[in-house]
Amino acid sequence: MRILAYADRISVAPGESLAVKVSCDGLDRYDAELVRVIQGDTNPAGPGYREERIELDLGGPFAGRHQALRPGSAAIVEPFPSARLTDGLTLAVALWPTLPGAGRQTILAARDPDGGRGFELALDESGAPSFVLSDGREEVEVSTGRPLVAERWYCIAATVDPVSGVVRIGQRPKRHYSAVGDSGERDHRDLPSGGFVPSGQRLTIAARSGADGHLHGFFNGRIEAPRLLSGALPLAEALGSMDRPADPADPRLVAAWDFSRGIDTEGIADIAGSAHGRLVNLPTRGVTGRLWQEHMRDWRQHPEGYGAIHFHDDDLCDAGWETDFTVSLPELKSGVYAIRLFADGESYYVPFCLRAAGESRKRLCFLMPTASYLAYANNRIGIDVPETEIMCGRLMEMHAGDLFMQAHPELGLCFYDVHNDGSPVYYSSRSRPVVDMQPGWVGKLGGVGSNLWQFNADTHILGWLEHIGIAYDVVTDEDLHLHGATALEGYDVVITGSHPEYYSLAMFDGLRSWIEAGGRLIYMGGNGFYWRISFHRDRPDIIECRKSEDGIRAGSPGAGEYHSSLTGEYSGLWRRNGMAPNVLAGIGMVAQGFDESSPYWRTEASWSGKAAFAFEGIEADVVGDYGLSGRAAAGIEVDAVDHSLGTPPHTIVLASSRIHTQLYLMVPEDMLDPTPALSAVETEVIRSDMTFYDIDAGGAVFATGSIAWAGAMAWNGYDNDIAGITENVLRRFLDPDPF
Amino acid sequence: MSRYRISEADRPYAEEFRRNLEADTYYHSPGLQRVLNVMRGSPKAGKYVLIVREPHARWALGRMPAARGEPVEIVPNVEYTDLKQAEWDVFCRRWKDLTGADLGIERPGRP
Ligand SMILES: [Fe+2]
C-alpha cells in the first residue's frame with residue numbers, strides 16, 4: 001500500500017466538508033475522486049464489485065508526500081522551571097514496568113534535544129533504573145545495576161549534589177523479597193563539568209525528545225506521582241517520600257504531578273506550581289496505582305487508588321497528519337461514499353457517510369455501525385493470534401493488505417489486539433488510516449467464501465438495497481451517539497449492519513426510544529448490542545471499551561479497572577449492565593465460529609400467524625443453505641432467544657439454525673459450570689433464532705441473529721429466499737398498518 | 001500449546017481429513033478436530049500461512065515471523081491453485097513436523 005489516508009470526519013451532510021489527510025510512499029503525484037460504495041465483495045462467486053463515480057472535481061492531481069505514523073504515548077510539560085534545579089535535585093517516582101529489558105526506556109527526561117544537555121531517568125538495556133546527566137558534551141550515567149521485575153511496583157529516586165559532586169540512584173520494591181534481589185542503590189562521584197540543567201524548559205515523562213523534534217525511548221508500564229525537588233535529599237528520605245503525597249507547601253518542591261486528578265482529561269496536573277502537562281497519544285488512565293486497595297472499583301470514588309498512567313510504546317490516538325485537500329460535499333443522495341485516492345495502479349479508499357440534507361429524509365435508514373468498524377480498526381487477530389486458524393477451521397490467507405499490516409504495526413491497535421506489553425487495548429481511534437475499512441478488503445473471520453468483515457461485509461446490504469431499488473438514507477453510530485433518537489427521527493424503518501456490536505449508552509437508549517415511539521428495526525446481523533463503549537467527551541473519533549468480567553475478549557482488564565477513563569461508565573458487556581441485547585433485539589449472542597454456517601429450519605409461526613408475512617411466497621422448509629459467508633445464512637456470530645435475559649415474552653421465533661461445527665462454543669458469559677458438552681454439536685443453545693416482536697406503539701423488531709445473513713442475501717445476485725424474506729419484512733415494515 | 005501429541009495412532013484421522021476435504025465438509029469427528037487443534041494451534045513463529053498471489057486463484061506458502069513488523073518468509077517453489085490442495089499439503093508437512101514421519105497418503109484433487 002503506497003497510499004494511506006484518513007479524514008477528519010466519518011459522517012457529513014451536504015454542504016459540510018471533509019478534510020483528507022494523505023501519505024504517499026514514493027509517489028510524487030496522486031489523484032482523487034468521489035465514489036459511492038455499492039458492493040465491495042470481489043469474490044467471483046459474489047454479485048460483482050460495484051462503485052459509482054461521482055462527477056466532482058476534487059482539485060487533483062495533488063503532490064504526494066510522506067506523512068509518518070508515530071505511535072508511543074508520553075506526557076510533555078512545557079514550560080518547566082529547570083533553572084530551579086541548578087543547586088541540586090531530587091527526583092522520585094513510582095513505577096510498574098511491563099517490559100523491563102526490552103530496550104532503553106525513558107521514565108522522565110529534561111534534556112535539550114540538540115546535544116542532550118540535562119538529566120534523564122530511564123530503564124537501561126538490562127531493565128535497571130539508570131540516571132544520566134549531561135552537559136551536552138560529557139555524559140555521566142549511573143545505574144542501580146538491578147533489573148526491575150516486570151509488573152511489580154517500585155519507588156525509584158535519584159539525587160544530584162553539585163557541591164559534593166555525588167549523584168545517587170536507588171530502587172525499592174513495594175513488596176520486598178530478599179531472594180529476588182531487586183532493591184539496591186549506587187552512587188557516583190564526578191558530575192559533568194558543564195552542569196546538568198538543560199537550557200530549555202521542556203520536560204517529558206515516558207519518552208524523551210529527540211533532535212528530530214519527535215519523541216523517542218517510550219516507556220512501557222505505569223508511572224505514578226513523579227516529583228522533583230531542588231537540592232539533594234538523602235536517598236532514603238527521597239525514597240521514603242513516595243509513601244506520602246507530595247507536600248505542596250514544601251518550599252523545595254519544584255513540581256509534583258498527581259495523575260489521579262483529571263483522569264478523564266488529557267492534562268496532567270502539577271500540584272506544586274504551574275508545570276502542568278499534556279498527554280500525547282492517549283496513554284491509559286483510570287488504572288490501578290501503588291495505593292490501590294481491593295475495595296476500590298471506580299476511579300471516581302477512589303481517585304487515590306488510580307494515581308498511575310499506563311504508557312505504551314504502541315499507543316496511537318491521532319496520527320496528526322496535515323490536510324492535503326478539503327472536499328465540500330454537494331447535494332447528493334444520502335449514502336456510503338468514499339474518497340478514492342489513486343496513482344500508479346495503487347488505490348486507497350476513505351469511506352464516510354453522507355447524511356440526508358435537512359428535511360429531505362427518506363423513510364428507510366441504514367444505520368452504519370461506525371463504532372463497530374472502529375472497534376475492529378486495523379484488526380490484527382488473523383496475523384498476531386495463531387489460534388485464529390483453529391477458530392476459522394482453515395489456513396489463514398494473507399492478502400497484500402495483511403502483509404502490509406504485519407510489516408507496519410505503527411498503524412495502531414484495536415480492541416482485538418493486545419499492546420506490545422500484553423496489556424489489553426482500551427481505546428481505538430479513526431484519526432489514523434484504517435486500512436481494513438475499505439471496499440474490496442478481505443477479512444479473516446468472515447467464513448468460508450467471501451470472508452468479509454464489518455465495513456466490507458456491510459456492502460452486501462448496500463448492494464441488496466441497490467438491487468431492490470428502495471431508497472434509503474445513511475446515519476452513523478456517531479450521529480446516534482451525539483444526537484440520540486433525534487438522529488433517527490422521521491425514519492419508519494432502520495436497518496443495521498451485519499455486526500453492530502459496540503454501543504454507547506446514548507446509542508442504546510436512542511435506538512430503543514426510537515422503537516418505542518413506533519420505529520421498526522431490522523437487525524440484520526449477529527453479536528449486536530453486545531459491548532458497552534464510551535465515546536471521548538470532546539472527540540467522537542475516539543472510543544473506549546474495557547471488557548470487564550467476561551464475554552469473548554482478547555484480554556482481561558485488571559481488578560478495579562472496569563470503569564472507562566473517558567467517562568467513568570462501567571464498561572463491558574451490556575448484559576453485565578443489566579441491558580442484554582435481548583432487551584432490544586429480542587435475541588443475544590450465544591456463540592461464534594468462522595468456518596461453515598447453517599441454514600434455518602422454519603417453525604410453525606413462519607407458515608401462519610402474525611409474523612408469517614416474512615415468509616410470504618417462500619416454499620422451502622429449510623432456508624438459506626447457501627451464501628457467501630460460510631456457505632449458509634446462519635453463522636459466524638449467532639444470537640438466540642433467552643427470556644431470562646429480557647427477550648420480550650411475546651417474541652415469535654420464525655426459524656432457527658441447527659447444524660454448526662464444533663468450532664462454535666458456548667460464550668463465556670453463558671458458561672457457568674463447564675462441562676465437555678459445550679459445542680454446537682451437542683448444545684441446543686447454540687443457534688441463530690430468526691425472530692419478530694412488536695410493541696403497542698407500532699414499533700417492531702425483526703432479527704436474523706446471524707452475521708452471515710447479509711452474505712446469503714448476496715448469493716445468486718440477490719435472488720434467493722433469504723433476500724426474499726428480508727424484502728418481505730422491509731416492505732411490511734414500511735407499511736404503516738399495525739401488525 | 002496443546003498437551004496432545006500426534007502419533008501413528010492418529011492415522012485414521014488423517015484419512016478422515018483427506019475424505020472431508022474431498023467431500024468439502026468442515027464437520028469433523030472429535031478425534032480429527034483434536035489433531036487439527038494441535039496443528040493449527042502452533043505458535044506464531046514459523047506458522048504456515050497462505051500468501052495470496054491472485055485472490056481466489058493462486059497461493060504461495062509462507063511462514064509467519066515471531067514478532068510484529070518482521071517479514072513473512074516465503075517457502076520457495078510451493079504454489080497452490082486450490083485451497084484443498086493447500087490444506088492437504090500443509091497437513092502433511094505438519095504431520096511430518098510433529099511425528100517425524102511421512103504421512104504417505106495420496107493428495108486429493110490434482111497431483
Ligand atoms: Fe463480534
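Predicted model: local features only at pLDDT ≥ 70, side-chain atom pairs only at ≥ 80, totals over all residues.
Tutor: Residues are numbered from 1 along each chain as its sequence is written, and chains are lettered from A in the order in which they are written. Local features need pLDDT of at least 70, side-chain atom pairs count only at pLDDT 80 or more, totals for chains, interfaces and linings use all residues, and side-chain values use heavy atoms, with hydrogens and water left out.

Student: Why does Glu224(A) count as buried?

Tutor: Buried means under 20% relative accessible area, while exposed is over 50% and partly exposed lies in between (1.4 Å probe, protein chains only). Glu224(A) has 3% relative accessibility, so it counts as buried.

Student: What is Glu224(A) in contact with, leaving aside its neighbours within four places in sequence?

Tutor: Contact means heavy atoms within 4.5 Å. Among the partners of Glu224(A) are Trp153(A), Met242(A), Phe259(A) and Arg290(A). Glu224(A) itself is found in strand E19 (residues 221-230) of chain A; strands are DSSP runs of E, at least two residues, and helices are runs of H or I, at least four, numbered from the N terminus.

Student: Which backbone nitrogen does the side chain of Glu224(A) reach?

Tutor: That of Arg290(A), at 2.7 Å.

Student: What makes a set of residues a nonpolar core?

Tutor: The members are buried Ala, Val, Leu, Ile, Met, Phe, Trp, Tyr and Cys residues joined through side-chain atoms within 4.5 Å. The largest one here has 155 residues, and Phe325(A) and Ile725(A) are among those touching the most other members. Helix H11 (residues 721-734) of chain A gives the largest share, seven residues.

Student: Why does this core lie between domain 1 and domain 3 of chain A?

Tutor: Domain 1 (3-68 + 319-353) and domain 3 (354-734) both give residues to the core, so it lies between them. The bounds come from an automatic or database domain assignment.

Student: How much area is buried between chain B and chain A?

Tutor: About 2,800 Å², with carbon and sulfur atoms giving 55%. Buried area is the accessible area (1.4 Å probe) that two parts lose on being put together, summed over both. In chain B, Tyr26(B), Tyr27(B) and Arg68(B) lose the most, together 30% of what that side buries.

Key:
Polar contact = N/O pair within 3.5 Å; in protein donor to acceptor, adjacent residues only side chain to side chain.
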